[in-house]
Amino acid sequence: MQEEIRPPRPEERAAFLAIAAEYLPGIPPARVADMPLQLCLARGEALIGVAYAEPRAQDELCLQGIAVVHPYNAQGRGGALLRALEREARRRGYAAVSVGSADGYVERFYRKNGYVPVELKIFAPSGVTVLPVVDYDAMDKRSLTAAHGGGHSFFVFRKEL
């Protein structure tokens, strides 16, 4: 069956937002709907993947979410969706794409696709601490988060276009 990556059509809005809500909870659907860059992965008439981003800085786009639904994931489609988003970002004049990452396979996915960890953001009641990444493999995220009084942290990955 034919697959294509493209902006979602108006009639696909509900399906796009449903995938985002199921696979990428945490960003309200109204905010996802307003993201200025949205791409979907369509298989025939069905959406099987989504990606969406917004500007982080004048020359940097921040990927807010990317997902491919089961059972279509882990087969290279996420990487293809990411590359399409990067091409569109470059076409729109952005010099880089960044993304805040979860642990494990997500970080491996971004590293495999050329993203470099640049900072660790630690959220604590007293505020946000940002630590530059000098040696990613030597950084113990859990210990650093605890040492800075935080309960939540994530690495920011970046790729120059």
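Buried residues are those with under 20% relative accessible area, exposed residues have over 50%, and partly exposed residues lie in between, using a 1.4 Å probe and protein chains only. Helices (H or I, at least four residues) and strands (E, at least two) are DSSP runs, numbered from the N terminus. This is a predicted model, in which local features need pLDDT of at least 70 and side-chain atom pairs count only at pLDDT 80 or more, while totals for chains, interfaces and linings use all residues. Residues are numbered from 1 along each chain as its sequence is written, and side-chain values use heavy atoms, with hydrogens and water left out.

**Helix H1**
- In helix H1, which spans residues 13–23, the buried residues are Phe-16, Leu-17, Ile-19 and Ala-20.
- These residues lie on the same side of H1 because they cover an arc of only 155° around the axis, the arc being that of the directions from the helix axis to the C-beta atoms.
- The buried residues of H1 pack against helix H2 (29–33), strand S2 (37–43) and strand S3 (46–57), where contact means heavy atoms within 4.5 Å.
- Ala-14 and Glu-22 are exposed and sit on the face of H1 turned away from its buried side.

**The loop between S4 and H3**
- Pro-71 is placed in the loop between strand S4 (60–68) and helix H3 (77–91), and the peptide bond from His-70 to Pro-71 is cis, with omega near 5°.
- Ala-74, also found in the loop between S4 and H3, has a positive phi of about 60° although it is not a glycine.
- Ala-74 is exposed, at 84% relative accessibility.

**Cysteines**
- The count of disulfides, meaning pairs of cysteine sulfur atoms within 2.5 Å, is 0.
- Cys-40 is buried at a relative accessible area of 0%, and Cys-62 is buried at 13% relative accessibility.
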